[in-house]
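Hi everyone, thanks for coming. Could you take a look at the sequence and the structure on the screen while I get settled?

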Amino acid sequence: MRITFCCSQTNAGPWLSGFRAEIPGVDISEWAAGAPEADYAVVWAPPQQFLDEQPGLRGIFNIGAGVDALLQLKLPPAAKVVRLDDAGMSVQMAEFVCHAVIRHFREFDGYEQDVALGKWSYRKPRLRTDFPVGVMGLGVLGERVARSVAQFDFPVNGWSRSGKSIDGVRVFCGASQLHGFLAATRVLVCLLPLTPDTRDIMDHEMLSLLRPGGYVINVARGAHLVDSDLIALLDSGHLAGATLDVFRTEPLPAEHPFWRHPKITVTPHTSARTLREESIAQIAGKILALQRGEPVAGVVDLARGY
Ligand code: NDP
Ligand code: OXD
């Protein structure tokens, strides 16, 4: 069995030795143009040439949860595309989102500014019932985030395509219930996959439906959000602020207004990082399962796009 590794911006060495430790005797190497064909690929944002040269792949393992970039490419016909299935990401995402929600709710940015001025001042406590949180996307990451936020006693809404039952979360489903979800939400968290149905979903019309004083946390993909619409709604006062971890162009260009907007907090696509050891163990386990003819979790539905 041969595995090829093709992950942009990733130091291949520790990954290759990790796979060799997990799958003794495996033939694994970093891809270079003209390399021999492999049975399985471990990838992140590979070039089309890589896939064109590997028509016989049986499995393509993405070292991230989102497969939007991969699905833009022409894939080998028989290859299953397998996404990372948590692998330590959901706890990071829950930490990140809870931190952003609480920082906003408790006005910690304001306290930091006061303290920098040597000012000892209290702000009036706010009611968490006035800050219902809505999580769009209730998959591997969104469900964990919704459950985690609910532990702080915020009212939590969730929205997904097919709906599911989650303790402590009021679940809305499908396009017909999006309006109701937004009207019931003040702090909006985006954890959708990027697909043709969800691209540009957070536009002026949609964000206007959030409760006044709304707050946006985008931790999914930059192309879910229409940048100029967010800025217009922040400037009009309908929205109070945003925490943005993902952007249409990454790294976020130096001249982009998000960097300097006083109501926007920017982080560099770091809310849930791929953890190497967990990812190697998960992918190696799945490759061995596929070799035995067993099903594996996290296989992407190419028609749905996630
Ligand atoms: P999943 O595929 O597990 O879950 C996707 C969820 O979105 C499902 O609940 C699905 O509904 C819902 N959904 C999909 N399409 C629609 C739609 N048209 N309308 C309503 N709901 C929809 O994804 P994950 O939770 O693992 O990850 C979500 C995204 O987070 C990734 O695709 C990636 O882009 C991003 N991400 C960002 C990271 C970062 O560091 N910023 C790190 C990791 C991931 P249903 O349950 O009905 O299928
Ligand atoms: C992912 C990401 O999709 O890091 O895993 O964004």
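Let me start with a question: in which hand does α1 pass α9, left or right? Have a look before I tell you, and please keep in mind that this is a predicted model.

Okay, here it is: the crossing of α1 over α9 is right-handed. If you want to find the contact on the screen, α1 brings P14, W15, G18, F19 and E22, and α9 brings R276, S279, I280, A281, I283 and A284. By class, that contact of α1 with α9 has seven nonpolar, two polar and two charged residues.

Now to another pair of helices. Helix α3, residues 89–105, and helix α5, residues 140–150, have axes that come within 8 Å and cross at roughly 45°. So α3 is oblique to α5. The crossing of α3 and α5 is right-handed. On the α3 side, the contact uses M89, S90, V91, M93, A94, V97 and C98, while α5 supplies V140, L141, R144, V145, S148 and V149. Sorted by class, the residues joining α3 with α5 are 10 nonpolar, two polar and one charged.

What surrounds ligand 2? The residues there are W44, G64, A65, G66, M89, R221 and H269. So much for the list; let's go through some polar atoms. From the backbone, an N or O atom of G66 sits 2.7 Å from an oxygen atom of ligand 2. From the side chains, R221 has an N or O atom 2.8 Å from an oxygen atom of ligand 2, and H269 has a polar atom 2.7 Å from an oxygen atom of that ligand.

Last stop, ligand 1. There are 30 residues around ligand 1, and R83, L138, L141, S162 and Y306 come nearest. The side chain of R83 places a polar atom 2.6 Å from an oxygen atom of ligand 1. V140 takes part through its backbone, with an N or O atom 3.0 Å from an oxygen atom of ligand 1. A polar backbone atom of R161 lies 2.9 Å from a nitrogen atom of ligand 1.

Conventions: Residues are numbered from 1 along each chain as its sequence is written. Chains are lettered from A and ligands numbered from 1 in the order in which they are written. This is a predicted model: local features need pLDDT of at least 70, side-chain atom pairs count only at pLDDT 80 or more; totals for chains, interfaces and linings use all residues. Side-chain values use heavy atoms; hydrogens and water are left out. Axes are lines fitted to C-alpha atoms, for helices over the stretch in contact, and angles run from 0 to 180 degrees between N-to-C directions. Helices (H or I, at least four residues) and strands (E, at least two) are DSSP runs, numbered from the N terminus. Angles under 35 degrees count as roughly parallel, over 145 as roughly antiparallel, 65 to 115 as roughly perpendicular and the rest as oblique. A crossing is left-handed if the near helix is turned anticlockwise from the far one by less than a right angle, and right-handed if clockwise. Contact means heavy atoms within 4.5 Å. Ala, Val, Leu, Ile, Met, Phe, Trp, Tyr, Cys and Pro count as nonpolar, Asp, Glu, Lys and Arg as charged, and the others, Gly among them, as polar. A residue is near a molecule or strand if one of its heavy atoms lies within 4 Å of it. A polar contact is a pair of N or O atoms within 3.5 Å; within protein, one must be able to donate a hydrogen and the other to accept it, and residues adjacent in sequence count only if both atoms are side-chain atoms.
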